[in-house]
Amino acid sequence: MATTIGQILRVLDLDEIGADLYRGPQPDEERQRVFGGHIAAQALMAAARPASGRGHEPLGLHCYFVRQGNPTIPVDYAVERLREDAVSSYRVTAIQDQTTIFEAMAHFGGRVPGVQDTHPIPAAPAPESLRRIEEQLAPYAAEHDGWWVRKRAFDIRYVNAPPRIAIDHPQPPPPRNTLWIRADAPVPQDSVLNRCMLTYLSDMTLLDPVMLAARRTTRGPGFIASLDHAIWFHHDADFSDWLLYDQHSPSTQNGRGLASGRLYNRSGELAATVVQEGILGR
C-alpha cells in the first residue's frame, strides 16, 4: 500500500491512452502484489472519466479480483459504456500483459431529493484517547521486516485489539472490529476523488473481523486474498476529520470469510457501506 496521501493522489492521476482506455501508475515501493484498494480506486477513477461530462458522481462499485497483479508495471483500464442515462453504468476491465486481472461495474448518477435516513454512528471512544496502530504494535516491530510498524498514509487507531494482538489472547474475540481513520495529509475537495479515496481505504482492514474469527493475521499463518469487493456511497467522506470504520463478519467457513463495514464521518453521516469476501489459504 502507498505510504503517503500524495502517493495515493498520484496513482489516481490516470493517463488517457486511447478511446475509453486509461493507464494507472504504480507507487514506487517494494511490494509482492498489487493492493486491491489501489486497483478498485483506479477503476472507479477510470469509469468517472466518461461520466464526468454528465455531472454525475459515483453511486456504487462492484469489483471482482480475477488474478494477482504485478506491482512493477502499470495497469490499463478499459471502460465500456453500458448505459448513460439518469443512472449511468460502466464496466471496467483492468489489464496487465494482455491479461485481465480485475473486473468492475460502476454506477453514477445525480443527487435526488428524498428521504434521508441512515443508521446512527456507533458509540466509540474518541480517537484522541486511543493510540496509533504503530504504537499498539510496537512489541511486534521485529516481525516481517517491520511490517506492523510500517509508515502508513492514514493514522489508524483501533478501538479493540487488532488481529496481531488478539491472536495472542487465550480466547478469540467476537468477529467485530472498530477503528478510527484519518488522512495524514489534506485531500482535495472533489466528489469523484473523494469517493476514489474512500474506495482505496475501504479495502484496508476490512477483513480484520474474519482474521479475528480465524485466529490469524494477514501475514499468516497461511495467506488471505480478496475475492470480491462492493461499496455503496451515501455521502462524501470528511477527510479533514476522523472517519469511524465499523466492521463485522457474519460468516467464516469453507475457507472463505465475509465481512461488512460502514464508514461514518465523525459528524455522524454514513459515508459508505462496504462488503467483501476473502479466501483463507493454507
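A residue counts as buried under 20% relative accessible area, as exposed over 50%, and as partly exposed in between. With that in hand, enjoy these close-ups of a predicted model.

**View 1. His 144, a partly exposed residue with positive phi.** His 144 is not a glycine, yet its phi is positive, at about 50°. You will find His 144 in the loop between α3 (133–136) and β7 (154–158). Its relative accessibility is 41%, which lies between the two cut-offs, so His 144 is partly exposed.

**View 2. Asp 97, an exposed residue with positive phi.** Here the loop between β5 (87–96) and β6 (99–109) holds Asp 97. Its phi is positive, about 50°, although Asp 97 is not a glycine. Because its relative accessible area of 64% is over 50%, Asp 97 is exposed.

**View 3. The cis peptide bond between Gly 220 and Pro 221.** Omega is about 0° for the bond that joins this pair. Pro 221 sits in the loop between α6 (208–214) and β9 (224–233).

**View 4. Helix α5 and its N-terminal cap.** Helix α5 covers residues 191–202. At the N-terminal end, Asp 190 caps α5, with a side-chain oxygen 3.2 Å from the backbone nitrogen of Val 192.

**View 5. The buried residues of α5.** Of the 12 residues in α5, 12 are buried, and the helix is mostly covered. Among them are Val 192, Leu 193, Met 197 and Leu 198, along with Asn 194, Arg 195 and Tyr 200.

Notes
Residues are numbered from 1 along each chain as its sequence is written. This is a predicted model: local features need pLDDT of at least 70, side-chain atom pairs count only at pLDDT 80 or more; totals for chains, interfaces and linings use all residues. Side-chain values use heavy atoms; hydrogens and water are left out. Helices (H or I, at least four residues) and strands (E, at least two) are DSSP runs, numbered from the N terminus. Buried means under 20% relative accessible area, exposed over 50%, partly exposed in between (1.4 Å probe, protein chains only). The expected span of a helix is 1.5 Å times one less than its number of residues. A polar contact is a pair of N or O atoms within 3.5 Å; within protein, one must be able to donate a hydrogen and the other to accept it, and residues adjacent in sequence count only if both atoms are side-chain atoms.
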